[in-house]
Amino acid sequence: IAAACLTLAAIHVHVWLRERSQAANGAFALLAASVAALAFIELQMVRASDPATFGRWLWWYHLPIWTGLVASVFFVRLHLGAGRAWLGWTAIGLRTLALVINFFSSPNINYRELTGLEHVPVLGESLAWGEGTTNPLLAIAQLALVALVAFVADAAVTAWRRGQRRRALAVGGSMVIFVSAALGSAVLSYWGLARLPVLASL
């Protein structure tokens, strides 16, 4: 996943550097690089041998989530030429607030306290995931993703009505589905509703 994303990032950075007016390519490159970073950090988390290591990697995890969300808002706005600005800024503002809270939280914004590691079997592998007390402030970070989904859906509907149906489905539809899936798995996992590691990069 990381290799594919970094390849996409390199291609789109090259396009943007050759033609600076193609700002959507620059935003997409940042999004792809952010997902590559997510994949790397997720790998470190599921291989963690103790709660402190897991918590430290989860603390860093919020930085590429922030860059990815910001890049998503700008990419959708530039590529589709649509989307209510206030929804996009709401998503960015909430995620920025969550990032600041995370910086001053120990171990991170996800947990008030990490008490141990649970090992979840996935496709024959034993993946580590944190056990502990969920931090209620995590809701701010997850509301940012709800706002992102609303922004992208709004942009896709507007583009569809303009006749840009293929673009609306390819960009808007896919982003709504995948961000919603990542959000759903995060809510289930961090709030203790299901025993599964969050692998948002997938």
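**Note on the predicted model: cores, strands and surface**

1. Of the 27 residues in the largest nonpolar core, those touching the most other members are Leu 69, Val 76 and Leu 148. A nonpolar core is a set of buried Ala, Val, Leu, Ile, Met, Phe, Trp, Tyr and Cys residues joined through side-chain atoms within 4.5 Å. Buried means under 20% relative accessible area, exposed means over 50%, and partly exposed lies in between (1.4 Å probe, protein chains only). At least two residues of this core come from each of H2, H3, H4, H5 and helix H6 (165-190). H5 provides the largest share, 10 residues. Helices (H or I, at least four residues) and strands (E, at least two) are DSSP runs, numbered from the N terminus.

2. The structure is a predicted model, in which local features need pLDDT of at least 70 and side-chain atom pairs count only at pLDDT 80 or more, while totals for chains, interfaces and linings use all residues. Residues are numbered from 1 along each chain as its sequence is written, and side-chain values use heavy atoms, with hydrogens and water left out.

3. Which residues does Leu 148 touch, not counting residues up to four places away in sequence? They are Leu 69, Ser 72, Val 73, Ala 91 and Val 179; contact means heavy atoms within 4.5 Å. There is also a second, separate core of 22 residues, and Leu 38, Leu 114, Ala 141 and Tyr 190 are included in it.

4. Strand S1 (residues 111-122) and strand S2 (residues 125-134) run antiparallel and are joined by 10 bridges. Two strands pair if DSSP finds at least two bridges between them. The two strands form a hairpin with two residues between them, and Leu 123 in the turn has a positive phi of about 50°.

5. Is Leu 127 buried or exposed? Leu 127 counts as buried because its relative accessibility is 13%. With residues up to four places away in sequence not counted, Leu 127 touches Val 46, Glu 118, His 119, Val 120, Val 122 and Pro 197. Leu 117 is 10 residues from Leu 127 in sequence, and their C-alpha atoms are 9.6 Å apart in space.

6. The structure holds one salt bridge, defined as a side-chain nitrogen of Lys or Arg within 4 Å of a carboxyl oxygen of Asp or Glu. Arg 84 and Asp 154 form this pair, with their closest N and O atoms 2.3 Å apart. The pair links distant parts of the chain, 70 residues apart: Arg 84 is in the loop between helix H3 (51-80) and helix H4 (85-103), and Asp 154 is in helix H5 (residues 138-161). Arg 84 counts as partly exposed, at 45% relative accessibility, whereas Asp 154 counts as buried, at 15%.

7. Asn 25 belongs to helix H2 (residues 23-46). Its relative accessible area is 15%, so Asn 25 is buried. Leaving aside neighbours within four places in sequence, Asn 25 is in contact with His 12, Val 15 and Trp 16.

8. H3 and H4 each supply at least two residues of the patch. Leu 63, found in helix H3, is partly exposed, with a relative accessible area of 34%.
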